[in-house]
Amino acid sequence: MKREKKKKAYSIEIISYYTGYIIFIISSLMIIPAVVSLFFREWSAMLDFVISSSISFIFGLALTMFGLRTRESKSNVHWKHGFAVAAFSWLVLTVLCAIPYSLSGHTQSFLDACFDVMSGFTTTGLVLLQDLDHISNGLNMWRHMLTFIGGQGMIVLGLTFLVKETGGAYKMYVAEGKDIELLPNVKGTARQIWKISIVYLVIGTVVLWIIGMIIGLNPISALFHGFYIFQSAWSTGGFAPNSQNIMYYHSIMYETVSMILFILGSLNFGLHYAIWQGKRKEVVKNIETQSFFITSFTVCILALAGLSRLHIYPDAVAGFRRIIFNVLSAHTTTGFGAVYARQFINEWGDFGVLIMVIAMLIGGSACSTAGGFKGLRVGIVFKGLIMDVKKLLTSERNMKVYKFHYIKERVLDDVLIKSSAIIIICYIVIFSIGTLLGTYYGYSLSDSAFEAASVTGNVGLSGGVTTPSMPVLLKVYYIIAMYLGRLEFLTVFALIGYIIGGIKKYVKNR
């Protein structure tokens, strides 16, 4: 009995230590929006971040101290610990990072503040903040930082600061929805992911800064807008520093560069690394890029064909800016909107909404900043179907091994096909529940399905359902759906299983 209690307590210490470590890293980043607030003389906003960072720092330090024995011990960090740390860190940080939102006075409730933070961390981009056009520069910096951090991964960020490699690092890395190894060790891989992102950050911000000045923004404003829009585009997050989103700029140049950035952001970090290493053929050979370009081309053509019958947009330029941009924004799960929310429902019709729902659910690439059930899984399931058909048509003695290319040649087996299909089914179940809940509260089927697909796929486009006045239960469900969709279910299920198992042991040992 005593042994069992000691083991349980020790597991809690492991989870506490690493969760506290990640909270400590993220809370220290609040210094950036605080400095921005200081630069713009936003004293109230600066104080909000000082208070918030202090609370977060103390909480993270307390968790780390509670699990301090973990650092000295030689105990193994098991898969359950890695998954629990990832899932628990996201929940705790959502609450802590919502404090400056709540203190700003731009949210109706703390739940709304948590909604926006979860939307940022999961790179969804739905917004409940009020009076978005008049929030402080510090808060705007913070919300765009959240989506940038969330896109790369909070665990990934934490691992880049590891003093030395630990046995549990890989388990936490995988638990956050990353499965690609760019370098032999996890710390090196995490740092390479951030290196790729920072290089693009510099290039993308400079390009958008120049375009911003060309279209009439003053240099300081153009720089900050370029920085914000890059973070949202690359992280496929969809946040913008104003209520009109990408339409604020009235510029086809700004929209085109943003589109290029969010397409790049939706691609696998392993693919970016391979191209950097000179393996340019990977773009053509990779099952994920093949799947993405086939599905994106298909949904764009279908949307153009369907909407051309409605004669909404007068010419090819309007079609590109309003149809192609929005469809690709949905497919890459970015959520930049080139039309107003109600236009999707009122003008695009059922066929247009259906195309958008499909695009949002499919999403981008695995191990990228994008959401959805990923092009990789679509490709694997499709190839699995072809494989089964071929097996039926060939002799039983023909033991051919079927393969696919994903960074390297991999064997296509039933276990891989099954696991991909299970994740796709989980997404569809969450989407179905969200649609059902929306219709229960009186929203139309189109409204409910569109919004449910957006939260499930971590997209951020809205048909008008997501507002501060929507039912509390719907807000809570959307938060859960964003959370599950970003961590791809298994990590959260592992945390729930761990908690239930701990309760059962506690009850049994009493």
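Gly352 is buried, with a relative accessible area of 4%, where buried means under 20% relative accessible area, exposed over 50% and partly exposed in between, with a 1.4 Å probe and protein chains only. This glycine belongs to helix H19, and its C-alpha atom is separated by 6.9 Å from that of Leu307, which is 45 residues apart from Gly352 along the chain. The model is predicted, so that local features need pLDDT of at least 70 and side-chain atom pairs count only at pLDDT 80 or more, while totals for chains, interfaces and linings use all residues. Residues are numbered from 1 along each chain as its sequence is written, and side-chain values use heavy atoms, with hydrogens and water left out.

**The chain as a whole**

- The chain holds 24 helices and 2 strands, which are DSSP runs numbered from the N terminus, with H or I and at least four residues for helices, and E and at least two residues for strands.
- The chain has 510 residues, of which 56% count as buried.
- Among contacts between residues at least 6 apart in sequence, 75% join residues at least 24 apart, a contact being heavy atoms within 4.5 Å.

**Aromatic rings**

- Searching the whole structure gives 24 aromatic pairs, for which rings of Phe, Tyr and Trp (its six-membered ring) must have their centres within 6.5 Å, with planes under 30 degrees apart counted as stacked, over 60 as edge-to-face and the rest as tilted.
- The pair of Phe40 and Phe224 is edge-to-face, because the ring centres are 5.3 Å apart and the planes stand at 65°.
- This pair links distant parts of the chain, with Phe40 in the loop between helix H2 (31-39) and helix H3 (43-66) and Phe224 in helix H12 (residues 219-234), 184 residues apart.
- Phe40 is partly exposed at a relative accessible area of 28%, whereas Phe224, at 16% relative accessibility, counts as buried.
- Phe49 and Trp142 also form an edge-to-face pair, since their ring centres are 6.1 Å apart and their planes are at 75°.
- Phe49 lies in helix H3 and Trp142 in helix H8 (residues 137-152), so this pair ties together parts that are 93 residues apart in sequence.
- Both partners are buried, Phe49 at 2% relative accessibility and Trp142 with a relative accessible area of 0%.
- A cluster linked by ring pairs contains Phe148, Trp194, Tyr200, Phe230, Trp234, Phe269 and Trp276.
- Arg143 lies over the face of Phe239, 4.5 Å from the ring centre, the criterion being that NZ of Lys or CZ of Arg is within 6 Å of the ring centre and within 35 degrees of the ring normal.

**Packing of helices H17 and H19**

- Two packed helices are described by the angle between their axes and the distance between the axes.
- Helix H17 (residues 316-331) and helix H19 (residues 349-362) pack at an angle of about 35° with their axes 7 Å apart, where axes are lines fitted to C-alpha atoms, for helices over the stretch in contact, and angles run from 0 to 180 degrees between N-to-C directions.
- On the H17 side, Asn326, Val327, Ala330 and His331 meet Met356, Ala359, Met360 and Ile362 of H19.
- The residues of this contact divide into 6 nonpolar, 2 polar and no charged, with Ala, Val, Leu, Ile, Met, Phe, Trp, Tyr, Cys and Pro counted as nonpolar, Asp, Glu, Lys and Arg as charged, and the others, Gly among them, as polar.

- Lys403 stands opposite Val411 in E2, and Tyr406 stands opposite Lys408 in E2.
- The hairpin has 1 residue between the strands, and Ile407 takes a positive phi near 70° there.

- Ser448 is found in helix H22 (residues 445-456) and counts as buried at 1% relative accessibility.
- Not counting residues up to four places away in sequence, Ser448 touches Thr435, Gly438, Thr439 and Tyr443.
- Tyr441 lies in the loop between helix H21 (414-440) and H22 and is partly exposed, with a relative accessible area of 33%.
- Leaving aside neighbours within four places in sequence, Tyr441 is in contact with Pro471 and Leu473.
- The C-alpha atoms of Tyr441 and Pro471 are 7.8 Å apart in space, while the two residues are 30 residues apart in sequence.

Note on methods: Pairing = 2+ DSSP bridges.
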